[in-house]
Amino acid sequence: MLFQLILLSAMFIQPMEATAYCGGECCCGEYADGITASGYIIRPGDKLIAAPTTFKFGTEMYVPGYGRASIKDRGGAIQDDRLDVYFSKHEEALQWGWQKLLVRVFPRG
Ligand SMILES: [Zn+2]
């Protein structure tokens, strides 16, 4: 019971603007090496998020329409209330477009 209360108080809701990207040169330019800013090597089917530095690497987020994933990347345009969700295929990133969402944040530890 107490544990549940702690979990609930740690989680918070954050309105954010979510765009999407793939790992290719189309989205990552010179950083299209398949390795995220945290040093993570991207594998097929992975879900991960690029978020501003105010969110630590490893912080989990639930993004409506995308699911739950952890922050493993950064981006030049990813500041303030912006985040980027990762898709393996560029077409999927295009389809996502731009969305204003209420994101659930699960801070690390
Ligand atoms: Zn792309």
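**View 1. The hairpin of S3 and S4 in a predicted model.** Three residues lie between the two strands of this hairpin, and Gly65 adopts a positive phi near 90 degrees. Strands are DSSP runs (E, at least two residues) numbered from the N terminus. S3 and S4 run antiparallel and are joined by four bridges; strands count as paired if DSSP finds at least two bridges between them. Glu60 has Ser70 in S4 as its bridge partner. Because the model is predicted, local features need pLDDT of at least 70, side-chain atom pairs count only at pLDDT 80 or more, and totals for chains, interfaces and linings use all residues. Residues are numbered from 1 along each chain as its sequence is written.

**View 2. Parallel pairs of strands.** S2 and S4 (residues 67–73) pair in the parallel sense over three bridges, with Ile49 opposite Ile71 in S4. S1 and S5 are also parallel, joined by five bridges; the bridge partner of Ala20 in S5 is Val85.

**View 3. The barrel of six strands.** The strands close in the order S1-S5-S2-S4-S3-S6, with mixed pairing.

**View 4. The largest nonpolar core.** This core (buried Ala, Val, Leu, Ile, Met, Phe, Trp, Tyr and Cys residues joined through C-beta atoms within 7 Å; buried meaning 20 or more other C-beta atoms within 10 Å of a residue's own, with C-beta atoms placed from the backbone) has 18 residues. Those with the most contacts inside the core are Ile49, Ala51, Val63, Leu83 and Val85. Strands S1 (12–21), S2 (48–50), S3 (60–63) and S5 (82–86) each give two or more residues to this core.

How values were computed: A residue is buried if 20 or more other C-beta atoms lie within 10 Å of its own, exposed if 12 or fewer, and partly exposed in between; C-beta atoms are placed from the backbone.
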